[in-house]
Each structure stands twice: as structure tokens, then as C-alpha cells.
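Colleague: I would like to learn how to read some features of a model. Please give the general idea, then the case at hand.

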Amino acid sequence: MLDTQHFPLYNFGMNVEGVLNSAEVTKWVQQLNYWKTMHARAVAREAICKERAVHWERVARQREKQIQELTDQVEALQAKVIWFQQQLFGRKSEQAPGDPPPEGEVPGESSDPVLEAPNRKRGQQPGQKGHGRKLRTGLPTEVVVHALAADRQCCPRCGRPFRIFPGTEDSEEITWEVVLVRHVHQRVRYQPTYDCGAVAGIVTAPGPAKLIPKGLFSIVFWVRALLEKFLFQTPLYRLREKLELEGLGVSPGTLTGGLKRLGDLLQPLVARILERSRAADHWHMDETRWMVFVEVEGKAGYRWWLWVVVTKDTVAYILDPSRSGDVPRNHLGEDAEGILSADRYRAYQTLGEKIRIAFCWTHVRRDYLKIRDGYRRLRAWAEAWVDRIDELFRINRQRLKARSQPETFRVHDQALREALARMAQERGRQREDPSLHEVQRKALESLKNHWEGLMLFVDHPEIPMDNSEAERRLRNPVVGRKNYYGSGAIWSGTLAAGAFTIFQTLLLNGIHPRKFLEAYFEACARAGGRVPEDLESYLPWNLSPERRTAWSYRGRSP
């Protein structure tokens, strides 16, 4: 209880005893209670404000995190848009202008993104002397004589005739004739004029050998159809329109039925090429989608996959509904051993220890190109990495040029190894930076994880730094996919993969596809529409010197 009779007062540290009456005490008690209440309310308000402050700080942090996530998403989407625009409308080739690769260079190295020649446009250069019109002496020649009309071979005044002056004034033009010819084979019949009995009845001369027994179309016709469809990637409906334009109407069933018969004659060739491909010790592999509009049990949708396997003398295409590692594993076999040039797709990394993967430096380079083009604030960083990779390509080109010069080769080889060591050191240093952007860290982690495969070309100069050879061999089928969407039946897809295999293998070996197919189908026709017994002699690596010379072709794949 408060002593209301004697109340101690403290004023500036001095104890002052005073006697207060009850009114004054009550006043002071009220004041005390008031301020205690006000203090309690202030403390409560402060607690509420603090709680609210903590709540809104938490909300602000969440919003900042969401804003940052959305900003990163927008930045990533903008980068994708820029990349897709580049894919659709930009320059497709990653090869800079320059001189062709030196003689003896490993196939595929010509696709290096950096070449040492200065930037220049193709074709005739301004101010340079031209080489004149090229003479096309290899084409069949038809001489057309142009003479004056009879009434103009005399003097218009006196009427005396002209005499022919020695020599002619010659010029050339090249014409393009597309001629569909209906051959009527008249087989002469003979009747014996004797009665010895050795020959009974009428003797008829044999007709032409038929590729398809009782078929309407000739070997040349079917060769042209195969070339149009599977080399120049012309849809069958458009081929029919071309024939219609020349006066021949053909039903779709007639063409598809004939192509199906031809597939049986081509498959033995395809099988031999696949066997040759398996026997190699270095392969380039890649895959792309291919639509097969057939419902297959256990498979959703119509997307199949067209795989390509390139060796030094074969190009094999495999059509399969799966994109799993079983496809390359089944093709190469369990006992295969060698080096596989491929991208970083996981399926290639499941082939076992006997198959070493040489990863593609061009794909690594694309990682930094995407960052450079899509993230403006990271452009300088990405450009520096692109320059480092370009330097590797440049040094390796110099190294390959000097393979026949051991001392020079050793110098460039050492320079290449030092450049790779510096790159690995810089990669490790940058990975320790905690402020790295996610895309930067992802690119550096990928470089580290695939480093062993990326280094294979150093100790194996015959292995290219990239996998561009496989990518180039897929371009022609991709044109077909865009033109006629894929295949409407499994047999059609099998025929397409087989025809791609034959044509691209022929082109790789410098063999004329039309001349080869005409000769091969002639042999099939002589065998009664079946595969000839001397099939092995038609394989590109078994051709006789005479055939190789007659079928030589230096053109590239369309």
C-alpha cells in the first residue's frame, strides 16, 4: 500500500521528504497509471508494427525473389527468341570465308569456324581479270548448220551468186531437253524353212531385259524417279506433275508399287554398306526426327528418328522409332572398339568403355554463341570464350597442315596443348566466382564434364575437332522431311533410309549415282529382276579401275 501520509520526493537526486495530502497523491497515481497505460499501448503498437514490418519485409523479399526469377525467365526467353531468329533468318553456316582445306587434311576439319584467309565475297572479284567462259566439252555435242536462204545467196543488185567462204563463224549455246519416249519393242519372229525337226514352231527374238517383270517403265525411268525422290527430295505428287507436264499421266499407285519392288533390290547393297560401317574404328553419328505415319503398338505418335553413321567410305542411315542408346549399340555391336565423334546427347555415352566419345567443339562453341547473342550483359564474357575456342581451331589447322613436317608439327602441337591448359585453368578460376550467372556456370560445368572427350583430338590428329560431317550428311534428308513430311508406311521409311545410304555413300566415294544405278539395275534385269550374283563387285570399295573411271563424279550432295 502506498503511504499517503508520508510520500518521499526525489528531486534531482536529492531525497526530499514531504507530506502530501490524499488529493495530490491521487493525482500523481492517476498520472502514473495514465503513463503506464500509454506506455503499454505504445509497446503493443510497437510489437504490432514490428510484426507488420517483419511480415512486409518477408513479402518484399519474396517479391524480390519472384521479380528476379521472372527477370531471369524473361532474359532466358529473350535469349531463346534471339537464337530461334538466328536459326530461322540468320546465317546457317558456321564456316567463315576462306581458302579450301589443304590436300590430305582430315575430312571434317574444313568446317572449322575460323579460317585464316581474309574475309571476301564469293565469285569474280572487282578489278581482277576474268578467266573467260568455261568450255563444256564433256557434254554431248550436236552441230547445227545455219546457212542463208536460197534467195539470199546472191547479190541483191546484180544477182550473181555467192560462193562459200572457207571456215565457219561458230558460237555455242546449251539447251536442256526433257524427253519422254515411248519405246515400242518389235520382236522379229522367224519360221524355219526346213523340216529337220530341230526347231519346232516360230522363233521370236528376245526382248529387252526387264527390271520389273512385265513392268511398263524402263531402267532409266526408275533411276530418274529414285534420284528425284531420294537425292533431290522431290515429293511424288510433284514428280507426277512434272511427268504430266511432259505428257505422261501416272497414277500414284503405279509409282509407289514400283518403288516398293525396287527397295527389295537395293536392300542387299544397303546391308553390305552397314556391315562395312560396323567394321570401322572411327564413326561420326547424329540423329534427326523423321515422321512415319503408321501406328505402332507401344509407341505414341508418329515421330521416329533417322540416325546417320559416317565413316571414311560409308554413310549409313538407320530409321528407328527410338532415340535411345540401343540404336547405336545395336548398329556397332557388342565387340565394336574405336572412337565415336558425336554431340553431348546421353545416348552416345552409354556405349561402354570400348567406345570413346570425341565430343564436338562446335557444339561447345554454340553454348557461348547463345550466351553472347542472348544476354547483352554477358556478351564480352561469352565473346572471350568464343575467341579461345576459335584459337584452338586455328592452331589445330596449322598442326594438320604440318603433319608431313615433324618439327613444325611438334611446334604447333605444343602450342595447342598449352592453349588447352590455359583454357582449363581459366575455366577452373571462373567456376569459383560466386557471382556467376546461371547460364555461365552451366556452360563452364558442361565444358568441365566433357573435357576428356573434347581432348581426344589432341592425341589423335586424325580425329576432327567437330562432328560437322554427320550434320552435313543429315541436311539432304532434312530437305526431304520439309518437302514431303516423312514416310507414310514402314516399307517407305526403310526404302528412304536405304536410298539415302546408297546415294550418300556413292557421293562420298566420288561415284556418279545415276551411272551406278543404271549399271546395277541393268545387272538386276539380266538376272531376271533379282539381285545379281556378283553383288560384291558393285560396292564402291570393290569397283574395278575401269568402272571407277567411267563412273567418276566430283559433285557434292544436293
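Colleague: Are tryptophan 307 and tyrosine 348 buried or exposed?

Modeller: Burial is judged by relative accessible area: under 20% is buried, over 50% is exposed, and partly exposed lies in between (1.4 Å probe, protein chains only). Tryptophan 307 and tyrosine 348 are both buried. This is a predicted model, in which local features need pLDDT of at least 70 and side-chain atom pairs count only at pLDDT 80 or more, while totals for chains, interfaces and linings use all residues. Residues are numbered from 1 along each chain as its sequence is written, and side-chain values use heavy atoms, with hydrogens and water left out.

Colleague: How many aromatic pairs does the structure hold?

Modeller: Rings of Phe, Tyr and Trp (its six-membered ring) pair if their centres lie within 6.5 Å; planes under 30 degrees apart are stacked, over 60 edge-to-face, and the rest tilted. The structure holds 19 such pairs. In one of them, phenylalanine 293 and tyrosine 302 have ring centres 5.7 Å apart and planes at 50°, so this pair is tilted. Phenylalanine 293 is partly exposed at 41% relative accessible area, and tyrosine 302 is partly exposed at 34%. Tryptophan 307 and tyrosine 348 make an edge-to-face pair, with 6.0 Å between centres and 80° between planes. That pair links distant parts of the chain, 41 residues apart: tryptophan 307 is in strand β6 (residues 303-310), and tyrosine 348 is in the loop between β8 (338-342) and β9 (355-359). Helices (H or I, at least four residues) and strands (E, at least two) are DSSP runs numbered from the N terminus.

Colleague: Which residues form one aromatic cluster?

Modeller: Phe230, Trp290, Tyr317, Tyr484 and Phe500.

Colleague: What is phi of glutamine 233?

Modeller: Phi is near 55°, a positive value in a residue other than glycine. Glutamine 233 sits in the loop between α2 (219-230) and α3 (236-245) and is buried, at 1% relative accessibility. Tyrosine 485 also has a positive phi, about 70°, without being a glycine. Tyrosine 485 lies in the loop between α12 (468-484) and β10 (486-487), and at 59% relative accessibility this residue is exposed.

Colleague: Which residues of α8 are buried?

Modeller: Among them are Phe409, His412, Asp413, Leu416, Ala419 and Leu420. An α-helix has 3.6 residues a turn, so residues three or four places apart point the same way. What covers the buried residues of α8 includes α6 (361-374), α7 (379-401) and α9 (438-449), where contact means heavy atoms within 4.5 Å. In α1, the buried residues are Val25, Val59, Glu75, Ala79 and Trp83, and the buried residues of α1 pack against α6.
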